[in-house]
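Here is a short briefing for a first look at this protein. Look over the sequence and the fold, then read on.

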Amino acid sequence: MSINSFVFDVPVEGCYQTKWEAPSNIALVKYWGKYGQQLPKNPSISFSLSKCFTTTEVSFSPRENGQEAFDFLFDQKKQPEFHPKIQQFLDRIIPYFPALQNHHLYISSQNSFPHSSGIASSASAMAALALCIVDFEKQFHNDWNDEAFLNKGSFLARLGSGSAARSIKGPLMVWGQSEAFSKSNDHYAIAPSVDWHTIFHDYQDTVLIVDKGQKKVSSTSGHGLMKGHPFAIQRFEQAHIHLGEFKTALTKGDVERFIDLTEAEALCLHAMMMTSNPRFVLMQPNTLAIIQKIQDFRKQTKLPICFSLDAGANVHLLYPLQERLSIMDFIQKELTTHCQKGQYIEDQVGNGAKKI
Ligand code: DP6
């Protein structure tokens, strides 16, 4: 795959408006560590979600002399604190789409979930913005099929936030070169043409909100600490092995193996944080209390429930749809007490981004 195929430098003019919705995702094999320009040190796989998403509308118009590159509204309000991240994203994608410099972007975004819920929104936000930009570019590519369009969308989204590369299609997305998946590569994520077992098509993800606050250490800094990390080589090897094993579990419907791998990945991610230099802990007492209760509950009831974690204190509870009633009962009776203001978000696996 040549990156040059992603460069599009025909200067264009005119107005264009588009709106996209892109989902959040939860990684099963975690991306933790990067090289070059937002390229992953190991491959990852994630479930795309369906109810947690960002909707972004962009109006492109010819840019006047001295005009800012963009205006940004979040929830209909100006939010300057988001500007540096958007500016960084635009700076990174301009080499692949120089014509963007001749345009002003009026960006308006909102999330389906509370912004202050502690749920990372950069994946869905960057994916939705990237898809609007690719949609603009698509006017000039009569030859593009859906796959070419989405690959470019994922490629640009990655430059905004690595995990955003996977917030494009569903139900499962693989990002990063892996022997287990043909066509997988470091530049953009793919939705592998694999017959995933039906049990995973509507798998549930209930996100227990342990902490709504800003993370003490950003993911971007955490990735940086994998450089020179004493366990980096072993970790990257393990991620490759886990990915192959996930492929088998996810196609066979082997929920027991799925649970084992999912929890191993979640804890290994946090083990990397706790053993980096400087080391840091993002789990909180309530995170551990929830993990303990999930493991005890699974042992007692034999119900197939497990947890995943991203780079924060919140806990993602993953389980099959058919077990929903008993597990919701457990969540309400046992787990909400460990959540900030008793809050949780019910979500499930989804099919990816869509144009609105
Ligand atoms: C723990 O994609 O947020 O959620 O590329 O610096 O924006 P940047 O990092 P980001 O890292 C996500 C890390 C993770 C694991 C994952 O989603 O794979």
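Five bridges link strand 9 to strand 11, and the two run antiparallel. Two strands count as paired if DSSP finds at least two bridges between them. The model is predicted: local features need pLDDT of at least 70, side-chain atom pairs count only at pLDDT 80 or more, and totals for chains, interfaces and linings use all residues. Residues are numbered from 1 along each chain as its sequence is written, and side-chain values use heavy atoms, with hydrogens and water left out.

- Helices (H or I, at least four residues) and strands (E, at least two) are DSSP runs, numbered from the N terminus.
- An open sheet holds four strands in the order 10-11-9-12, paired antiparallel.
- Strand 10 (306-309) and strand 12 (344-348) form the edges, each pairing on one side only.
- From one strand to the next, the twist averages 25 degrees.
- Four bridges join strand 10 to strand 11 (residues 315-319), and these strands are antiparallel.
- Ser308 stands opposite His316 in strand 11.
- Helix 6 (residues 255-274) packs on the sheet, where it touches strand 10 and strand 11. The direction of helix 6 makes about 30 degrees with that of strand 10.
- Helix 8 (residues 324-335) also packs on the sheet, touching strand 9 (204-208), strand 11 and strand 12. The direction of helix 8 makes about 155 degrees with that of strand 11.
- For these angles, axes are lines fitted to C-alpha atoms, for helices over the stretch in contact; angles run from 0 to 180 degrees between N-to-C directions.
- A hairpin of five linking residues connects strand 10 to strand 11.
- Asp205 has Leu318 as its bridge partner in strand 11, and Phe307 has Leu317.

**Burial of strand 11**

- Five of the five residues in strand 11 are buried. Buried means under 20% relative accessible area, exposed over 50%, and partly exposed in between (1.4 Å probe, protein chains only).
- In a regular strand, side chains alternate between the two faces of the sheet.
- Both faces of strand 11 are covered, with Val315, Leu317 and Tyr319 on one side and His316 and Leu318 on the other.

**Domains and cores**

- The domain assignment gives domain 1 (3-197) and domain 2 (202-348). Such bounds come from an automatic or database domain assignment.
- The centres of the two domains, taken over C-alpha atoms, are 25 Å apart.
- In domain 1, 36 residues are in contact (heavy atoms within 4.5 Å) with 44 residues of domain 2.
- A nonpolar core is a set of buried Ala, Val, Leu, Ile, Met, Phe, Trp, Tyr and Cys residues joined through side-chain atoms within 4.5 Å.
- The largest such core has 72 residues, and Ile45, Phe47, Ile133, Leu250 and Phe258 touch the most other members.
- Helix 2 (residues 122-138) supplies the largest share of this core, eleven residues.

**A buried histidine**

- His104 sits in strand 7 (residues 103-111).
- His104 counts as buried because its relative accessibility is 5%.
- The side chain of His104 makes a polar contact with that of Asp71, at 3.0 Å. A polar contact is a pair of N or O atoms within 3.5 Å; within protein, one must be able to donate a hydrogen and the other to accept it, and residues adjacent in sequence count only if both atoms are side-chain atoms.
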